[in-house]
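I opened the model to look up a few things about its chains. My notes follow in the order in which I checked them.

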Amino acid sequence: MRKRRIIPGVDAKLLIKDATNLMPDASRRGFLRGAASLGALTFLTGCDIIDGETAEGVLRKISEFNDGAQAALFSHTKLAPTYPESAITKPFPFNAYYDEDEAPEVDGKTYKLEVAGLVENKKPWTLDELYALPEVSQITRHICVEGWSAIGSWQGTQLSEFLKRVGADMRAKYVWFKCAEGYTNTIDMPTALHPQTQMTFKFANRTLPRAYGYPMKIRMPTKLGFKNPKYVVAMEVTNIDKGGYWEDKGYNWFSGL
Amino acid sequence: MTTDTLTAVDTVETIHPGWVRICHWINAFAVLVMIGSGWQIYNASPLFDFVFPRQIALGNWLAGALLWHFAAMWVLVNNGIVYVTLGIATGRFRRKLFPIRPNEVVADLKAAVTFKLAHDDLSHYNAVQKLLYSGVILAGVVIVLSGLSIWKPVQLQELTALFGGYDTARYVHFLAMAAIVGFLVVHVALALIVPKSLRAMITGR
C-alpha cells in the first residue's frame with residue numbers, strides 16, 4: 001500500500017532556499033498548469049484536460065507503472081560507474097530543502113541507530129559499533145532530481161552486510177529510513193541489497209561532515225540524490241511502503257538511475 | 001471494379017494513409033507535452049543562462065513536470081516505434097524521403113524563399129521537405145536515446161557513455177529539443193501558409 005499525496009500540505013517553515021523556487025505555494029500547486037502548452041493540447045485533442053483530478057490520477061497511476069518498469073530494469077549486479085579521485089567535485093555541493101546552517105546537528109556521543117521491523121535483533125547501534133563494521137569505499141556520481149550531478153567519495157559499510165548482521169528478513173519489500181530532521185525515505189529491498197548501497201560514515205576518507213549527513217547517510221549510486229537520506233537515525237525493514245518526504249509531494253517513488 | 005484498380009485509385013487520391021495521420025497527431029500531442037514539461041525540468045537546473053517562462057512550461061513545478069514527461073514518453077516512444085517500423089516496412093520513407101540531393105535542396109530552398117516553390121502535388125515532397133522530415137526523424141531518435149541515457153545512467157550506462165557521459169547527454173538532449181522546436185516553427189508556419197497540406201494530414205486528401 002502506498003501513501004501518496006499529489007497536492008500535499010507542506011510545512012511552510014521547511015520551504016526555504018531552492019525548494020522555494022521549485023515548489024509553488026499551496027494555492028498554486030498541482031501539476032496541470034502551464035497555460036500555453038495546455039492550451040495547445042486542448043486545441044489539439046478537442047477536450048479540456050486542464051480540469052483535472054482525473055488527469056492527476058492518471059499521472060499518478062503512470063508514475064506507479066514507471067516504478068514497476070524501473071524495478072524490472074534494475075539489475076542487482078550492474079554497478080554504477082566509478083571514478084578516479086581526481087574526478088571528485090570540489091567543493092561537493094550541500095543540498096537540502098533547508099539552508100546549510102539549519103542542517104541537523106547530531107551528537108555522536110549519544111547517537112544510537114534504531115533498527116526496527118522485520119529483523120531478529122532490534123538492539124540500537126552506537127557510532128563506535130557502526131564504525132567497527134567492515135569498510136567499503138566508492139567514488140560515484142550523485143545525480144539530483146533537478147538534473148545536476150556531482151562526483152563524491154563515500155566510505156562506510158554495505159547495507160546488505162548490516163542487514164545480514166541484524167538478521168533482517170531479506171524477503172521483505174522495503175527498507176524505511178528516518179532522519180534527524182524528520183526527513184523520511186522508503187526504498188525497495190533489491191536496491192537495499194545492491195553491493196554499492198552503503199551506510200556511509202565518511203566523505204573523502206574523513207568523518208562525514210554535518211553538511212553531508214553526520215553521522216550517517218545512506219549512499220545509493222543507483223538512485224537519485226533525494227533517495228539518499230542523510231542524518232539517518234532509524235531504519236525499519238517492512239512490507240508496508242511508508243512513502244517519503246519528496247515522494248509524497250509527487251516525485252517518482254522508485255527514482256532509479 | 002477489380003482490387004487492382006481500387007488500389008490504384010487509392011494511391012492516386014490518398015496523400016497520407018491512415019496510419020501516417022494517426023501517428024502524426026498522436027506524435028504532435030506527445031511532443032508538445034514532452035517539450036512543455038521538458039522546459040519546466042530544464043528550469044530546475046538550467047544548462048544555459050536563461051530559463052523558460054513559467055507560463056509556457058508544463059507541470060507547474062519540477063515534480064509535476066517529471067510526471068508529465070515520464071508519462072508522455074511512453075506515448076512518444078511507442079507511437080514512434082510504430083511510425084518508423086511502418087515507414088520502413090511500407091517503403092514510404094524510401095519513396096518519399098529519398099534520395100536527398102544537395103543541389104536539389106539548394107535549388108528548392110532558393111525557390112522557397114522567393115515564394116516560387118510549387119505545392120501542386122502534396123504527395124510529392126520537395127528536396128527541402130525531404131531534408132527537414134528526415135532530419136526531424138533523426139532528431140527524434142537522438143532525443144529518445146539521449147533521454148534514456150539521462151534517465152538511466154546506471155542501468156543503461158553504455159548508452160550514456162555513447163553520449164559522452166551523463167552531463168554531456170543533458171546537452172545533447174537539449175540541443176535535440178532545440179532542433180525539433182526549430183523544425184516545428186517552420187513546419188507549423190508552412191502548414192498555415194498552405195492550408196490544404198493541413199487538410200491532407202487530417203482527411204488524408
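I started with burial in chain B: 29% of its 205 residues count as buried (20 or more other C-beta atoms within 10 Å of the residue's own, with C-beta atoms placed from the backbone). The model is predicted, with local features needing pLDDT of at least 70 and side-chain atom pairs pLDDT 80 or more, while totals for chains, interfaces and linings use all residues. Residues are numbered from 1 along each chain as its sequence is written, and chains are lettered from A and ligands numbered from 1 in the order in which they are written.

I looked up the secondary structure of chain B next and found nine helices and zero strands (DSSP runs, H or I of at least four residues for helices and E of at least two for strands, numbered from the N terminus). The C-alpha trace of chain B spans about 60 × 40 × 35 Å along its principal axes.

I then checked one helix pair. Helix α2 (residues 18-44) and helix α3 (residues 62-89) of chain B pack at about 150°, with axes 8 Å apart (lines fitted to C-alpha atoms over the stretch in contact, angles running from 0 to 180 degrees between N-to-C directions). α2(B) and α3(B) are therefore roughly antiparallel (over 145 degrees).

Last, I turned to chain A. Its open sheet has five strands in the order β2-β1-β10-β5-β6, with mixed pairing (strands pair if DSSP finds at least two bridges between them). β2 (125-126) and β6 (184-188) of chain A are the edge strands, each pairing on one side only. Two bridges join β1 (residues 112-117) of chain A to β2(A), and the two run antiparallel. Lys112(A) stands opposite Thr126(A) in β2(A).

Key:
Angles under 35 degrees count as roughly parallel, over 145 as roughly antiparallel, 65 to 115 as roughly perpendicular and the rest as oblique. A residue is buried if 20 or more other C-beta atoms lie within 10 Å of its own, exposed if 12 or fewer, and partly exposed in between; C-beta atoms are placed from the backbone.
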